[in-house]
Amino acid sequence: MNHIRVDQINHSFQTVSGGDPILALKDVSFEIEQGEFVSLLGPSGCGKTTLLRIMHGLIKPTEGRTLVDGKTVTGPDPRRAMVFQDFGLLPWRTALHNIEMGLEFQGVNKEARRKTAAEMINVVGLEGFEKHYPHQLSGGMKQRVGLARALTMSPESFFMDEPFASLDAQMRELMQEELLRIWSQFKTTVVFVTHGIDEAIYLSDRIIVMSARPGRVKLEIKIPFPRPRHGVRATPEFAHLREELWEILKGEIQYGRMRETVGG
Ligand SMILES: Nc1ncnc2c1ncn2[C@@H]1O[C@H](COP(=O)(O)OP(=O)(O)O)[C@@H](O)[C@H]1O
Ligand SMILES: [Mg+2]
């Protein structure tokens, strides 16, 4: 089981200057079913990263809690894999050794972790690049290493913070396909943070749209398109949904700007 419940989260950051704290998240509540692919979509600065880190257990919220299968999250857990935009690879380690890292921390012996890492190299399609260092890999390949490393932990869920944001458009689409393939193969839950509307629609079962800061749940949308979704981007229904979401997001971006200008 892996049911996630975000329960009444409020979060404030103290400012360095000692002024009023910044309210980043306000009354955030929602649920994610086991195996569901959910995107958190919202304008830059609305608190997506903060929320993802709270859900993962990296940050303790000022108020409220996250529950996984009814248990309050008190810290990170290897069953919840975090995948970062900047890949989080160690530059002095080869692809294979980066993939082994999590297992090494867990004290798994060398032979066993080599074997698992080699399997995951195949899963993400990096055969032949085992001995390459991160600087010898493209952005898409580095993200594959990050995914493979996460997979070695047999995670129940993936927490992904704009993982494809630094990739070019074609590589991003390839990695989206790759992620969907891995998701359906391993049946993990995915919490996917993005400010990309197309990406959120294409990938998700459901999108949780957040307001400008302080981030609140503005609305939740179930994505009606059956899978696999090849070709769905070109349909009028997709364009319509994209337009609808853009109107909402645009409103939030403008509202956020206005508040900044008037110092609200
Ligand atoms: N460590 C921190 N200290 C102070 N303020 C922070 C910190 N992290 C984030 N913030 C502020 O909280 C708000 C939400 O940030 P973030 O979660 O990074 O948004 P997003 O990921 O949606 O762009 C922003 O106004 C940001 O400046
Ligand atoms: Mg962010």
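**A conversation about the model**

Modeller: Glu162 is buried, with 20 other C-beta atoms within 10 Å. A residue is called buried if 20 or more other C-beta atoms lie within 10 Å of its own, exposed if 12 or fewer, and partly exposed in between, with C-beta atoms placed from the backbone. This is a predicted model, in which local features need pLDDT of at least 70, side-chain atom pairs count only at pLDDT 80 or more, and totals for chains, interfaces and linings use all residues. Residues are numbered from 1 along each chain as its sequence is written, while chains are lettered from A and ligands numbered from 1 in the order in which they are written.

Colleague: Where is the place of Glu162?

Modeller: Glu162 is in the loop between strand S7 (157-161) and H5. Helices (H or I, at least four residues) and strands (E, at least two) are DSSP runs, numbered from the N terminus. Glu162 has a positive phi of about 45 degrees, although it is not a glycine.

Colleague: And Gln8, is it buried or exposed?

Modeller: Gln8 is exposed, with 12 other C-beta atoms within 10 Å. Gln8 belongs to strand S1 and has a positive phi of about 50 degrees without being a glycine.

Colleague: In what order do the four strands form the open sheet?

Modeller: The order is S2-S1-S4-S5, and the pairing is antiparallel. Two strands pair if DSSP finds at least two bridges between them.

Colleague: Which strands stand at the edges?

Modeller: Strand S2 (22-32) and strand S5 (71-72) do; each has a single partner strand, so one side of each is left without a neighbour in the sheet.

Colleague: How many bridges join S1 and S4?

Modeller: Strand S1 (residues 4-13) and strand S4 (residues 63-68) pair over five bridges, in the antiparallel sense. Asp7 stands opposite Arg65 in S4.

Colleague: Changing topic, what surrounds ligand 1?

Modeller: Its surroundings include Phe13, Gly45, Lys48 and Arg213 (a residue is near a molecule if its C-beta atom, placed from the backbone, lies within 6 Å of it). S2 and H1 are the elements that give two or more residues to this shell. H1 gives the most, with three residues.

Colleague: What about the peptide bond from Arg213 to Pro214?

Modeller: The bond from Arg213 to Pro214 is cis, with omega near -5 degrees. Pro214 is in the loop between strand S9 (206-210) and strand S10 (217-222).
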